[in-house]
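Trainee: I have a structure open and would like to go through it piece by piece. Can we take it as questions and answers?

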Amino acid sequence: MQKYFQIVLAFIFMVSIVFPTQSEASETQSSLVNLDHLDFLNEEVTIDGKEMLITHIYSEYPDYEWVDDADEGIACVDDVARAAVVYLNHYEQTKDNASLEKAKKALNFVMYMQADDGEFYNFIFDDYSINTDGPTSKKSFDWWAARAMWSIGHGYKLFSKTDPAYAKELKESFLLANNALQKKVNEKYGEYNIINGYKVSAWIGGFDAMSNALLGLSEFYEAEKNPIVKDSMLKLGKGLSEYQFGSYTKYPFGAHLDWDGSPTLWHAWGSGQSMALAKAGNLLNKKEWIESAKQEADQLFTHILVRGMIKEMAPTPTKDEQIAYGVNMLTQAFTELYHATNEKKYAQYAGIAASWYTGNNDANFQMYDSDTGRGYDGLNGVTGKVNMNSGAESTIEALMSVQAIQQLPEAMNMFNVKTKERLTSTIHEAEAFTAKSGNPVIETPESAWTGDALFSNKIVKLNNRDTTQKEVNIDKKGLYLIYAALEKAPALGGELKVDLKIDGRKVRSTDVSAANKYLTLVNLNRVNYLAAGKHTITLTAKTPYNETLTLDNVVVQPVNEYAVYENGSGDTYKLLRNLLQQKNTIR
C-alpha cells in the first residue's frame, strides 16, 4: 500500500511539472502583454476627493519621460478611456486585481470629465482643472465621448460581476451618455445627404468616432439587455453599415468611409466600423452587419495585407505615417469577425495584420517591444524611418492588438511572419507619362487637398484628344485591371470620356462625367490578359467644348494578387485574392 501511494505521489508530482496551474497558464498566455510602459505613463491623482488615474500623452526617445501638450493639457479622456479598456482586458485574461484597480481609477477620471448633459470634456491641465475651451477638449459628443462610452460600457460589464455598487455608478454615467448620443442621432435619424452621387446617412457625422460608441453599447448590452441601449445600437449600426461602397474591383473596395464629407476618402487610423459591426451584429444576431464587416475585411483589408500597411486611400494609397492606431483597427476587425463567424481565416488574417508590430513592415522594425511594453509612434513606409517616441496612443493600441490575438492560436501562428514575396498593384504617376499627341500639361496643384480627397503628386491636364502614354513592366503574366485616379467632372452638352489603349489596341472608352467635380479612382477596363514584359498604356481625353480632364495617376492591378509569408518555424503561407471570383484563400 505504501508503495502504491508513493507511485501516486510521484505521478502527481510529474503532472504538476508538465501541466501548469491556471495562474501559470494565464501568466504564460499574457507574457507578450507588458504593461510596464503604460504603467509608467500613468499617474495616480486625487480630484474632488476621489482617486483617479490619468495617462500622460507623450513619451519621447531616448529618455521616455512624460511629455505633455503645452496648449491642451497633461492627460485626456481619449487616452485614459483606452487605457481603461486595456486594463479591463488584462483583468479578464489574467484575473490580475491590480489591473482591475487601475481600470477603476481610470474610469473614475473618465466619469469626472462628463458634463451634466451626458457629453464629455477631453483634457485636463496640470492643476487638474478641465480644459473647457480647447478645440479637441470642449464639451461635445465627439471622439472622446464615444471612447468614454466604450470604456464605461466595458467597465459596467465587468464590474457588474465583481463590484455591483461601483457598477451602479458606471451604469448611471453610461445611460446619461446614451441620452446625449440619442439626442445627437435622433435629430436627423432616417435622413440622408447626397455627396458626389453617394447616399450618406445624415444622423452619424463622424462614422469612425461613432464606431467606438457602438462598441461601448455592445459591451453594456452584453451585461444588461436595456431597450434604449439596443435602440442606439440599431441606429448606429444602420448608419455605419450603410456608409460603405465599392466591391472587389470597384473603388473604394468595400470600405466603411469615415467622414460624411467624402465618400472617396478612407483612413486606417480609428476606422473601427468593421470591428464594431461584427461585435454588435454577433450580439444582436444582425447578420447583415456581420456581412458588412466581412465585405470590408475581404475586399479592402486583405488587399492591404497583400500590399502592405497604408495610412489612407484618398484615393491613392499612401504608405507614410503608418501607426499602431491604424494597424489595431485591422487586427481587431479580423478578430471580431473570427468570433462572429468562427472562420479560421479571419484569425490568420488578424495575425498577419499584427505582424506589423513584430517587424513585418516597410521599416523591418519591431514596432512593439514586449521587453519594455513600448509601442513606437509610427514609421514612414517610403523612407523606412521609424519614430522612436512611445506615446500613450501607440502603446495602448499595440497592447490592444496583442491582447486580441493572443487568445487565438491561429492568429499567434502568424504573428511573427515576414512577407517573402508579393504580386499586387503598381502606381504610375501621370507626370511620368509622355505626350503622344496634343498638349498635355503637367501642373503642381496649389494644394494636394481637393476638399474631399488628395492628389498624390503632380497632375496632368488633358484637353480634347490630348493623349499621354507610358511603358510599364509586367512581372508575371495574367489578367489585369487598369484604373485611373482622376477628377470626375460635369460635361456640359456631352460626356467626359477617357479612351484606354494597351499596346496600341483600344480597350475601352469610359464615361467619367459627374454632377460635381471630385477626385476618385475609376476602373478603365473590364479585364485584359498581359504577358510578362513591357506594355504601353495610352490614355486619350474626349471632352466636349474642349473641357479639361485632370489625371493624377494610373494603377495596374493583377486580378490574381498574392503575398507569401514565412513564420519563425519556416512554414510558408500564401494569401491569394481573385478579384473576379471574389474569393480569398490562404494556404
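This is a predicted model: local features need pLDDT of at least 70, side-chain atom pairs count only at pLDDT 80 or more; totals for chains, interfaces and linings use all residues.

Trainee: In what order do the strands of the open sheet of four strands lie?
Mentor: The pairing in this open sheet is antiparallel. Strand 18 (418-423) and strand 33 (583-586) are its edge strands, each pairing on one side only. Neighbouring strands are turned by 10 degrees against each other on average, direction ignored. The order is 18-31-32-33.

Trainee: Which residue in strand 33 stands opposite Arg577?
Mentor: Strand 32 (residues 572-578) and strand 33 run antiparallel. Four bridges join the two. The residue opposite Arg577 is Asn584.

Trainee: What angle does the direction of helix 11 make with that of strand 32?
Mentor: Helix 11 (residues 287-307) packs on the sheet. Helix 11 touches strand 18, strand 31 (560-566), strand 32 and strand 33. The angle with strand 32 is about 135 degrees.

Trainee: And what angle does the direction of helix 13 make with that of strand 33?
Mentor: Helix 13 (residues 344-354) also packs on the sheet. Its contacts there are with strand 31, strand 32 and strand 33. The angle with strand 33 is about 75 degrees.

Trainee: How far apart are the end C-alpha atoms of helix 4?
Mentor: Helix 4 (residues 77-94) has 18 residues. At 1.5 Å a residue, helix 4 should span 26 Å. The model agrees with that, as the end C-alpha atoms are apart by 25 Å.

Trainee: How many residues of helix 4 are buried?
Mentor: Buried means under 20% relative accessible area. Helix 4 is mostly covered. The count is 17 of its 18 residues.

Trainee: Are helix 4 and helix 6 roughly parallel or roughly antiparallel?
Mentor: The axes of helix 4 and helix 6 (residues 143-162) come within 8 Å and cross at roughly 25 degrees. Angles under 35 degrees count as roughly parallel. Therefore helix 4 and helix 6 are roughly parallel.

Trainee: Is the crossing of helix 4 and helix 6 left-handed or right-handed?
Mentor: Start with the contacts. Residues of helix 4 including Ala81, Val85 and Leu88 take part, and helix 6 contributes residues including Ala148, Ser151 and Leu158. The crossing is left-handed.

Trainee: Which residues is Asn89 in contact with, leaving aside its neighbours within four places in sequence?
Mentor: Asn89 is in helix 4. At 16% relative accessibility, Asn89 counts as buried. Its contacts are His154 and Gln403.

Trainee: How many of the 14 residues of helix 14 are buried?
Mentor: Helix 14 (residues 392-405) reaches 20 Å from its first C-alpha to its last, close to the 20 Å expected. Helix 14 is largely enclosed by the rest of the structure. The number of buried residues is 13 of the 14.

Trainee: Is Lys95 buried or exposed?
Mentor: Lys95 follows helix 4 and is found in the loop between helix 4 and helix 5 (97-112). Its phi is near 60 degrees, a positive value in a residue other than glycine. Most residues other than glycine have a negative phi. With a relative accessible area of 51%, Lys95 is exposed.

Trainee: What is the relative accessible area of Glu321?
Mentor: Glu321 is found in the loop between strand 13 and helix 12 (324-341). Its phi is positive, about 55 degrees, although Glu321 is not a glycine. Glu321 is partly exposed, with a relative accessible area of 48%.

Trainee: Which residue does a cis peptide bond join to Tyr251?
Mentor: Most peptide bonds are trans. Here omega is about 5 degrees.

Trainee: What is omega for the cis peptide bond that joins Ala314 and Pro315?
Mentor: Pro315 lies in the loop between strand 12 (312-313) and strand 13 (317-318). Its cis peptide bond with Ala314 has an omega of about 0 degrees.

Trainee: How far apart in space are Phe207 and Gly272, C-alpha to C-alpha?
Mentor: Phe207 is in helix 8 (residues 207-223) and counts as buried at 0% relative accessibility. Phe207 touches residues including Leu240, Tyr243 and Gln273. In sequence, Phe207 and Gly272 are 65 residues apart. In space, the distance is 8.9 Å.

Methods
Residues are numbered from 1 along each chain as its sequence is written. Side-chain values use heavy atoms; hydrogens and water are left out. Two strands pair if DSSP finds at least two bridges between them. Axes are lines fitted to C-alpha atoms, for helices over the stretch in contact, and angles run from 0 to 180 degrees between N-to-C directions. Contact means heavy atoms within 4.5 Å. The expected span of a helix is 1.5 Å times one less than its number of residues. Buried means under 20% relative accessible area, exposed over 50%, partly exposed in between (1.4 Å probe, protein chains only). Angles under 35 degrees count as roughly parallel, over 145 as roughly antiparallel, 65 to 115 as roughly perpendicular and the rest as oblique. A crossing is left-handed if the near helix is turned anticlockwise from the far one by less than a right angle, and right-handed if clockwise.
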